[in-house]
Amino acid sequence: MQKDGSFGEDGAAAVPPPHALPPRSDHDGLSLLVILLLIAGTFLFLEWQAWRDVRSEISGDLDNLAQGTARTLQQSLARAQDDLMFFSRHLDAVDFAKGEASDERRAAQIQLWTDHLNGFSDLRGFQLLNANGDVVLSTAGLPPSPDESGWLAVLRGGAHPSRRMLMSDVRMDGGADAASLVLADPLYDRNGVPLGAMTAVVDLTYFQKIVDHFGLGREGLVEVRRIDTGHLLLRHPQDAARLNRGGTGPVLARVAAGELSGVGDGLLAEDGISRRYAFQVVPGFPLVAIASLSEGDYLAAWRGQAVLTGLLLAGVSLLMVWQFLRQRRIQDVLRDANQALRRGDALLAESEQRFRATFEQAAVGIVHNGFDRRILRVNRKVCDILGYAPEELIGKSYLDFTHGDDATVSDEAVAPLLRGEKTSVTWEKRFLGSRGQVVWGRLTASLQRDAAGVPLHFITVLEDVTQRRQVEAALQAEAVRYQHLLRTASDGIYVVDEDGALCEASESFLAMLGYGAEEARGLNMRDWEADIPAAAISERIRSFMSDLSSVVETRHRRKDGSVFDVELHVRKVVLEGRRYLYASCRDVSGRKQADAARERAEMELRATGARMRLVLDTAAQGIVGMDDEARIVFANHAAAEMLGWRSADMMLSRQASESLGHRLADGQSCRISKGTCAIRATLSDGEVRRVADELFCGPNGVLHPVEYVVAPLLVEGIPVGAVVVFHDISERKAMEEDLRRSNAELEQFAYVASHDLRQPLRMISSYLNLIERQLGETLDPELKTFFGFAMGGAKRMDMLILDLLDYSRVGRAHPPLHPVALDEVARDAVENLQVAVTEAEAAVTLEGPFPTVLGDRGELTRLFQNLIGNAVKYRVPGRPCRVSVRCLAVGRDWQIAVQDNGIGIDPKDYDRAFGVFQRLVPKSHYEGTGIGLAVCRKIIEHHHGRIWIESKLDEGSSFLFTLPMMPAEADPAGVVAAVE
């Protein structure tokens, strides 16, 4: 047994060299007693040392377990955190509003999240939540609502953690078998207003399976707790009732004091059992992993060993006594055997030397390790592969050099050996080299047994397969990138063989042709190539089989038979000795249509340019253009002639103030005036302006009253110049002056005429009254009728003269227009008609709100009074009179309607109704002079509006008129808001 378990110099010293046997002595009994005492002392020392070794070994194992658990959690959570930050950078505010983002954008985001989940079994999925906690987007299989105790509470509290990642407690959405942990990345807009959060759901059952593989005894415990709250997130053995419960104890106290890892003994708050524990804080996250084992578990083997060793020691002592008694009888036999042992020892040394040479010079790494995972011996190749010296490896656990993600791989692999199911096993795992590099190893292990078949240790052969793994990873990444390219490429991509059979195709190419993925399996290039006969497809492919890429334009045929233009990029690809054609195609139908449209637009532009030159040359109005510094860049002949320049060219490159001699209405030059120059203002703010009362002055000093429009030339919304179109209004000014003088004379004539005409009428009326009273009862009925006709005619003549005078006055004085509230005007009109409304038992409804307009309050009151009064007057006897007045916004005008249910107007009389002295009904039925609607039209014209009629006979009429909006209300959106 000693020879099988030793190596090198120890093996050579296994058997003492032969020598002469000592003579018998009377001190042998005393020597035997001393030996027995030494053996007992040695036993006690060794057991004490074994007790220390057991505690040290279990501390190392617990520390490795805590570090492995922390490392596994950190890698998974860090990967989830990186994913969240990556996804958050591609989100916009529209993604947080339900129904705002397009279906294509939502589908693309979910597809991106789903792609990130592939290959990572520790992640369940991702969710996008708005500021109210509603799920906006989610991968499949996740619960409908998140835990609000973490990130949502922070958002609602108004905090702004500035991209701090938040973590929830354990969520038990489907019981203990569906425990999960939520990482949340809160998101805010530029003003700090919370938008919501991007969350990742981490599957805790994945980590539960990992820690369940460790055999820690009946009272062994693995925990993961939150540092900030002490809440339990993960536990082995499992106990769902304890999850999310707080805890205290020496570990949390040491972490609170700033320790990141450590080992110790103590009573854990979980169940009050004294344990040896190790803890490790998860880097970057508020978590701590704790592994612990009770003394009863980890000292059980030592205690059993101590008892067994004590019994063996007692047996050995008895045996030594018995051996001492027999020693003298067997010394002769030993002398003979000693000689034989010398010869056997030489043979053993030779065999061991050959074994050592084979072990050390092997081309592969060879490791002997015990069942406690400790390395017993290694050869030089193992040291070369991992980069460690032999003394750094021997005596250590191989878990110290194993990648944290592969901590349980070896235990699972050698299980069939221990069960006797296999004689050797092979597996691959990752090691951590001396420089921290990852080394992939292929291991083949078998059991070394003694002559009785009892297992002694493992013999493991180690091969370095790092390079192969890196190549495989690169190939796998390349394949993933290729598949991603095919799936996301905007251009159509496909690969065909030399016969034209489709081998690979991107989704965009199949969508371009209208085929599904299943239909694509049997496609051939002749199915979609429309420019070449099917028989010539193979020849076409061979023409592309060169080392140079080709770009051609052709046409492809869709599944429905329609044909479209494409630009095709093709090149040859050789894979495993076979040639293929790789093609990328782009639909250029739109581009060709755009080219044709651009050609038409260019032709139209040239034609427009010719027309514009013709307009400039022949226009009767003056037209000048200037740059942003008010320098003239073009002018037409009419502008030069109007201002007195000899030619339009002489106006160019001059300042507009010099070429146009612009002066304001008060005659002051724009250069020195404090007033606002419309041309300079347009060059500054880019607004169109119309001016009707300013002056231009040419080089001869003659002032020209002009009316002009200045419009900006804009580039991306910035004024870079302006165009001024003007015409001389000197003749119009003279005509307006003559018209004002004539109107004044007419108004004076109307006053005089009305006074002179009414005086005889009053006299006639007075004398007729006197005659009627003088005759008294002597008048017969016929004469009374004649007197009535005469008196009525005089009264009607007086009313006609008054109405004619009012009609002539409307708009004559030109008073300045002021803001007038139409609701007040309408109420005043109704109050003035209160007597007529009461007598007619009419109902007048003002359906506001009514706006404020620029106008003359008296004229507008007369307008409403005439229209409402007509509606009351021309009612249908026996029908309740109903009149309504309402207002609404139409474009840049207010439209007011006065609607009644009266006698109505025949459509052929619409225009005649607004004529002077035009009566549409007999005066015997309804009184009136026929001038009221004419006054209404004149008032509306004075206010720059229009008036019209909509009516049906015997059903009623609507008199509609418009009034311009005030400048502040010209914005249509503002108008609608005002009406509402």
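**Contacts and burial in a predicted chain**

At 12% relative accessibility, D203 counts as buried, a word that here means under 20% relative accessible area, with exposed meaning over 50% and partly exposed in between (1.4 Å probe, protein chains only). This is a predicted model, in which local features need pLDDT of at least 70 and side-chain atom pairs count only at pLDDT 80 or more, while totals for chains, interfaces and linings use all residues. Residues are numbered from 1 along each chain as its sequence is written, and side-chain values use heavy atoms, with hydrogens and water left out.

D203 forms a salt bridge with R124, and the closest N and O atoms of the two are 3.6 Å apart. A salt bridge is a side-chain nitrogen of Lys or Arg within 4 Å of a carboxyl oxygen of Asp or Glu. The pair links distant parts of the chain, since D203 belongs to strand β5 (residues 194-203) and R124 to strand β1 (residues 123-130), 79 residues apart. Helices (H or I, at least four residues) and strands (E, at least two) are DSSP runs, numbered from the N terminus. R124 is partly exposed, at 24% relative accessibility.

The structure holds 34 salt bridges. Another of them joins R430 and D405, with 3.9 Å between the closest N and O atoms. Here too distant parts of the chain are linked: R430 is in strand β13 (residues 424-432), and D405 is in the loop between α11 (390-393) and α12 (409-418), 25 residues apart. D405 is partly exposed, with a relative accessible area of 35%. In the salt bridge between E658 and R654, the closest N and O atoms are 2.6 Å apart. Salt bridges that share partners also join E428, R442, R468 and R469 into one network.

R469 has a further contact, as it lies over the face of W440, at 3.7 Å from the ring centre. In such a contact, NZ of Lys or CZ of Arg is within 6 Å of the ring centre and within 35 degrees of the ring normal. The charged end of R946 likewise sits over the ring of W948, 4.0 Å from its centre.

Rings also pair with one another. Rings of Phe, Tyr and Trp (its six-membered ring) pair if their centres lie within 6.5 Å; planes under 30 degrees apart count as stacked, over 60 as edge-to-face and the rest as tilted. By this rule there are 12 aromatic pairs. The pair of F696 and F726 is edge-to-face, because the ring centres are 5.0 Å apart and the planes stand at 75 degrees. F696 lies in strand β23 (residues 689-697) and F726 in strand β25 (residues 718-728), so the pair ties together parts that are 30 residues apart in sequence. Both F696 and F726 are buried. Elsewhere, ring pairs link F86, F87, W113 and F126 into a cluster.

In helix α6 (residues 204-212), the buried residues include L204, T205, F207, Q208 and V211. These five cover an arc of only 155 degrees around the axis, which puts them on the same side of α6; the arc is that of the directions from the helix axis to the C-beta atoms.

Most residues other than glycine have a negative phi. E841, however, has a positive phi of about 55 degrees although it is not a glycine. E841 lies in the loop between α23 (834-840) and β27 (843-847) and is exposed, with a relative accessible area of 66%. H944 also has a positive phi, near 65 degrees, and its place is in the loop between α25 (932-942) and β31 (947-952).
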